[in-house]
Amino acid sequence: LLFVMSDVSGHGATAAFYTVLLKYLTSNSAKYYHHDPQAFLNDVNQEIIGKITNGFVTGLAGHFSPRAKDGSRKLHLSHAGHRQILLFRASTKAIELVELPNGTIMGFPSCGASDPHTLTLTVGDRFYAFTDGVVEASNPAGEEFGMTRLIEAFKQLSSSNSLQETLDTIHQSALTFSESNDQQDDVSI
């Protein structure tokens with residue numbers, strides 16, 4: 001199962017157009033995916049160079065290996081500007097912040113995705129990827145929701161709530177913190 005999460009810099013009509021373009025390019029590149037998320041992101045980058053002239057794109061791509069006899073799976077990831085992910089470990093009820101290896105944003109010829117990184121997930125573990133709109137949601141005083149609040153919110157939710165309840169509650173927590181019903185940036189989790 002290949003998955004991709006991307007974020008286009010900027011707002012408005014231009015960013016919306018770039019998002020549609022990125023969706024098309026990632027869908028097309030996915031047809032040729034060969035279990036290498038780094039190569040996938042680098043291929044997408046080559047396709048967007050020159051097409052996105054105002055801004056840049058970040059991305060995270062990966063896949064899950066088939067389930068092992070004990071129920072565990074390997075998660076293979078590479079990123080282009082989406083360096084941090086969170087893992088909920090069912091056995092310890094802990095949230096782990098994972099910093100992926102260095103990789104650069106997309107949209108420029110000299111950019112390159114990170115080397116692939118592999119993690120093992122056991123039954124009940126959860127992997128969370130998110131865009132910067134979550135952690136950078138700010139309140140009227142200019143204080144950001146931040147990684148610490150995001151991790152604390154996940155710690156309180158991940159062990160007892162369904163996945164959808166967890167995602168909905170995290171999204172609402174960021175909106176409540178910002179004291180606004182309007183999102184300041186795209187929020188994807």
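Two strands count as paired here if DSSP finds at least two bridges between them. Strands (E, at least two residues) and helices (H or I, at least four) are DSSP runs, numbered from the N terminus.

This is a predicted model, so a local feature needs pLDDT of at least 70 and side-chain atom pairs count only at pLDDT 80 or more, while totals for chains, interfaces and linings use all residues. Residues are numbered from 1 along each chain as its sequence is written, and side-chain values use heavy atoms, with hydrogens and water left out.

**Stop 1: the sheet**

Select residues 84-89, which make up strand β4.

**Stop 2**

Click on L86. Which residue in β5 is its bridge partner? That would be L97. Next, show everything in contact with L86 (heavy atoms within 4.5 Å). Leaving aside neighbours within four places in sequence, the list includes I95, R126, Y128, F130, M147, L150 and F154.

L86 also belongs to the largest nonpolar core, which has 20 residues. A core here is a set of buried Ala, Val, Leu, Ile, Met, Phe, Trp, Tyr and Cys residues joined through side-chain atoms within 4.5 Å. Buried means under 20% relative accessible area, exposed over 50%, and partly exposed in between (1.4 Å probe, protein chains only). The members touching the most others are L86, F130, F145, M147, L150, F154 and I170. Colour β4, α3 (132-135), α4 (146-157) and α5 (163-177): each supplies at least two residues of this core. α4 gives the largest share, 6 residues. Apart from this core lies another, of 17 residues, with A15, V44, V57 and A113 among them.

**Stop 2: charged pairs**

The structure holds 5 salt bridges, each a side-chain nitrogen of Lys or Arg within 4 Å of a carboxyl oxygen of Asp or Glu. Go to R89, which is buried, with a relative accessible area of 14%. R89 forms a salt bridge with E96, the closest N and O atoms being 3.1 Å apart; E96 is partly exposed at 32% relative accessibility. R89 also meets D125 in a salt bridge, 2.9 Å from N to O. That pair links distant parts of the chain, since R89 is in strand β4 and D125 is in the loop between β6 (117-121) and β7, 36 residues apart. D125 is buried too.

For another pair, select E143 and R149, whose closest N and O atoms are 2.7 Å apart. E143 is partly exposed at 38% relative accessibility, and R149 is partly exposed at 32%.

**Stop 3: S78**

Finish in strand β3 (residues 73-80), where S78 is found. Buried or exposed, S78? Buried, with a relative accessible area of 0%. Its side chain reaches the backbone oxygen of S114 at 2.5 Å. Not counting residues up to four places away in sequence, S78 touches P37, Q38, L41, L60, A61, A113, S114 and D115.

Conventions. A polar contact is a pair of N or O atoms within 3.5 Å; within protein, one must be able to donate a hydrogen and the other to accept it, and residues adjacent in sequence count only if both atoms are side-chain atoms.
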